[in-house]
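Please read them with the model open beside you.

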Amino acid sequence: MPDLLLELFSEEIPARMQAQAADALKKLVTDALVERGLLYEGAKAFVTPRRLALAVHGLPGRQADQREEKKGPRVGAPEQAVAGFLKAAGLASLDQATIQSDPKKGDFYVAVVEKPGRATTEVVAEIVPDIIRKFPWPKSMRWGSGTLRWVRPLHSIVATFGAEGDEPEVVHFSVDGIEASNVTRGHRFMAPEPFTVKRLDDWMAKLEAAKVVADRDRRKEIILNDAKDLALAAGLELVEDEGLLDEVCGLVEWPVVLMGSFEARFLDIPDEVIRATIRANQKCFVLKDPKTGRLANRFILISNLVASDGGAAIVAGNERVIRARLSDAKFFWDTDRLNGLASRMPKFQSITFHEKLGSQAERIERIVRLANELAPKVGAPVALAEEAALVAKADLLTEVVGEFPELQGLMGRYYAQGENLPPEVAAACEEHYKPQGPNDRVPTAPVSVAVALADKIDTLVGFWAIDEKPTGSKDPYALRRAALGVIRIVLENGLRLPLMSVFSCAAGGKSDLSALASVSLSEGKYSPKGTAEVIDDVLQSHRVAGLSFDKTKTLIDLLAFFADRLKVYLRDRGARHDLVDAVFALEGQDDLLLVVRRVEALAGFLATEDGKNLLAGYRRAVNILRIEEKKDGRAFAGPTVAALLKEPAEEHLAAAIDDVKARVSKAVAAEDFEAAMTALSDLRQPVDAFFDAVTVNDADPALRENRLKLLDEIRAATRGIADFDRIEG
């Protein structure tokens, strides 16, 4: 069957747009073909810096003929309705229509419209220009006097269609004066002359000869393998970087891997700064010395051509730029260490965190106060937690982080270590941002945990207080990530943390922090007073002004948000979201660790035969109770009256409920949820026996009311574990 080859040749496409553009071209073209009845066997998109291409295999030569029946008006319908039918069906008169009978609707006209299929080339010539004109580039431009918008000026279009062994046909169409043909070009410098192509295999082979590797994955493979080989030959290891590999792959059509070097004196700079400098400015890979584990003074660059001098001039040019950039980085590094973290703190007074939440200095003070409260709960020394919270954000105003924001936290650790701050404080400077994603590690050091929780919880409570919550897919302040970070820290460290209490502490209000830096820092150095004493002075000497918001409603809403995030977290690990709802529905369930333990125990119980049968009995009881409560317009709440328990089965059930409630309460208080489930399972037999032997809606109103109250007691007994009303299935 014939194949379609489409190539759009232009000026350089930004690397960040290439992969998405290739996917979009494939989807738009193939969807349009299928929509028009042209099914295909396979399709593959290609992208290089100067071309976007698509090959579609196994297309039919033309569309199938179509036969369609169009139902018209009833026989004898008004002339206007008949005329409309004839026009829509393309008929000259009613003689070309047939009459069909319907037992209910009578006789009506039917037109049989036969539409011959068009040649595939005609269909392609129709759909491709429209796709090109409406192509979804993130950014596009117009050039010259034309009206077409494309990412960069479009120069030529290749469009061929034909079966293997045949001379393919050029699909004729034009876009903004650019005529489709079978002519393309190779590498800009090494093979700029035009040449003709046929099908995919011919196109790829001729491009390869013209110094263009069309397959993106193959270019990546060439770069990675050649870089590793070059590093190995020098006794070094390549520091792999998938993001950088994707980017440089989009910058070259004919990758040539070269190695350069820089002065060893720059190795005094932290490895991460060297890597960020070389990566950001020159798109080069760094190399590691396996003997020391640190970076070597070499780098790998990817050229887009084979130079006559073997790449010496290209390497020398990159070395000059990298030398200048590393000189800047070294200056930033030395300046930051000379000035120290303390010198940065007063500047936070004039930096706004959020117009409704005050300055960065106010935010830091809130984090300090909250870390103070959290420290005993996570096993961290209070003084160290306070000191870490005070300096954790200081590196945001350093020169290195200003140049490379992605190094925030990490540089704080380096600077804290350089100033001989306690190791726990230095570690917290980096780790308090973690986890920043589902695959990021969770801090485990107590001081880091205290500051990380304080940072994230302050953010969440603050934005909830000003009603800046995530809506739909929008989450500009990454509040979902912050909540998930709190959940992971709590659960993976096994922390017992009552969230409502912590939220309440965080929502206590904002302090007047105008003197924070001047009180806690003196002439760019830490005050002779201990950090804890200084913070106490600040808190005690300034009035706390509360934010204007409904604290109780806000914090309950925030806890519900955590419940939703916990459901997502547990669902990804195979847990049932309805069980999370059932546990959170109980009053006072804000200890995430206990919630998860309850959910796990409940899931295990409901997987047993006793659990399934008890859930069925519970639903039967609650359904009866709801129906009768609606009928009577009142609630039936226990306890029951013992003297009205007439049947042995209801006496047995009442006694079992009292016993189970006591055992469940004792087990829950001891946090032994397995024992609580075991106790609950003992309700199964009495509940089954009750429904087998007892009529709930007895003719005696007193007996009926007492038995309905007994059903409510079943609900009350299960509420010691979870709200069974919320359990699905």
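1. Is E431 buried or exposed? E431 is buried, because its relative accessible area is 13%. Buried means under 20% relative accessible area, exposed over 50%, and partly exposed in between (1.4 Å probe, protein chains only). E431 lies in helix α13, residues 423–431.

2. A word on the source. This is a predicted model, in which local features need pLDDT of at least 70, side-chain atom pairs count only at pLDDT 80 or more, and totals for chains, interfaces and linings use all residues. Residues are numbered from 1 along each chain as its sequence is written, and side-chain values use heavy atoms, with hydrogens and water left out.

3. Contacts of E431. Leaving aside neighbours within four places in sequence, E431 is in contact with R441, P443, A445, S448 and A452. Contact means heavy atoms within 4.5 Å.

4. R441 is found in the loop between α13 and α14 (446–465). At 42% relative accessibility, R441 counts as partly exposed. With neighbours within four places again set aside, R441 is in contact with E431, K434 and P435. I489 is 48 residues away from R441 along the chain, and their C-alpha atoms are separated by 9.5 Å.

5. Overall make-up. The protein has 26 helices and 22 strands. Helices (H or I, at least four residues) and strands (E, at least two) are DSSP runs, numbered from the N terminus. The radius of gyration is 36 Å, well over the 27 Å that the globule rule gives for 729 residues, so the protein is more spread out than a compact globule. That radius is taken over C-alpha atoms, and the rule is 2.2 Å times the number of residues to the power 0.38. The C-alpha atoms fill a box of roughly 100 × 100 × 50 Å along the principal axes.

6. Of the 729 residues, 50% count as buried. Take the contacts between residues at least 6 apart in sequence: 70% of them join residues at least 24 apart.

7. Helix α22. Its 24 residues (609–632) should span 34 Å at 1.5 Å a residue, and the end C-alpha atoms are 35 Å apart, which agrees. The expected span is 1.5 Å times one less than the number of residues. Buried residues of α22 include L614, L615, Y618, V622 and L625. The buried residues of α22 pack against α21 (592–606), α24 (673–681), α25 (684–693) and α26 (701–718). Just after α22, G633 takes a positive phi of about 70 degrees.

8. T121. This residue lies in helix α3, residues 120–133. T121 counts as buried because its relative accessibility is 14%. Beyond its neighbours within four places in sequence, T121 is in contact with F161, E169 and V171.

9. The second largest cavity. What lines it? The lining is V239, D241, L244, R275, R279, C284, F285 and V286. Two or more of the lining residues come from each of α7 (271–282) and β15 (285–288). A cavity is a set of points, on a 1 Å grid over the protein atoms alone, where a 1.4 Å probe fits but cannot get out; lining residues have an atom within 4 Å of a point.

Notes: On a 1 Å grid over the protein atoms alone, a cavity is a set of points where a 1.4 Å probe fits but cannot get out, and a pocket is an open set with protein on both sides within 12 Å along at least five of seven lines; lining residues have an atom within 4 Å of a point.
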